[in-house]
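Hi everyone, thanks for coming. Please have a look at the model on the screen, and I'll walk you through a few parts of it.

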Amino acid sequence: MNYKDYQNARDAAWKILLDCGVEQLPVDLKAICKQLGVRVRRYADVRGMSDAALQADGLTFFSWGKPVILYNQDRSPMRIRFTIAHELGHLVLGHVAPGQRTTINREPSPADDPIETAANKFAARLLAPACVLWGLDVHTPEEISELCHISQQAAEFRAERMAVLYQRGKFLASPLERRVYEQFLPFIKEYRGLRPQ
C-alpha cells in the first residue's frame, strides 16, 4: 500500500472519531453507524443471500440509496466489530457506491489487495487509534484485543504497527491525531489511574 492511500485511510478514521465525538475505548460502532446513517444487519435478517455472499464475513451495498452493512452473525463478537469497521471503511473511503457491493471480508492478511488493505487500515485505526494506545501505554496484542474488543489476529497486526511507532516515537505528529488524543484524554487519564503500575 502506498503512503498516500495509508494516510487517507488513517486520516478518515481519525475524522470519524472526531466527528462522531468518540471519547473512549472500545469504540461504539453502533453509535457511529447510526450517526452516519448506515444500517447494520445480520445475514440472518436478510432473505435470499447467495452462498458466495455468505462465505464473506461481511459486505456492504446500498438499498434505496442508503448504505447497509451486513455481517455474518456466526463469527465472534470481536471479529464482527472489525468486520463492521472494515465495511464502514469501504463506505468512507469511497470503495462502494450505489449499485455496487463489496465482495471480500475476512481477517486481515499481508496478501490483501490495496482496497482491502485500505479498509483494514481504516478499521484498525478506528477501533484502536495509535495515539490512544500510546497514551494508555498499551503494547501487546492481548491488551489491544481486550481493550478495543477486536479479534486476536487483528490485534496482532495492530501490535506490530504499534511496535514500529513506539520505536520511532511517532505520535501526535499530525494536527488531526493531536485532536483525537485530546478528545480521548479524560478516558486515558482515568484508565491509567485505575491500571496497576
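Predicted model: local features only at pLDDT ≥ 70, side-chain atom pairs only at ≥ 80, totals over all residues.

Residues are numbered from 1 along each chain as its sequence is written, and side-chain values use heavy atoms, leaving out hydrogens and water.

Let's find helix α5, residues 114-127. Helices (H or I, at least four residues) and strands (E, at least two) are DSSP runs, numbered from the N terminus. Of its 14 residues, 11 are buried, so α5 is largely enclosed by the rest of the structure. Buried means under 20% relative accessible area, with a 1.4 Å probe and protein chains only. Among those buried residues are Phe 122 and Leu 126.

Both turn up again as neighbours of Leu 88, which also touches Ile 32 and Val 38, not counting residues up to four places away in sequence. Contact here means heavy atoms within 4.5 Å.

Now the strands. Where does β3 sit? Five of the six residues of β3 (residues 66-71) are buried, so this strand, too, is largely enclosed. Strand β1 (residues 39-42) runs parallel to β3, joined by four bridges, with Arg 39 partnered by Val 68. On pairing, DSSP must find at least two bridges between two strands. Strand β2 (residues 58-63) pairs with β3 in the antiparallel sense over six bridges, and Phe 62 stands opposite Pro 67.

How values were computed:
Expected span 1.5 Å × (residues − 1). Buried < 20%, exposed > 50% of the residue type's maximum accessible area, 1.4 Å probe, protein only.
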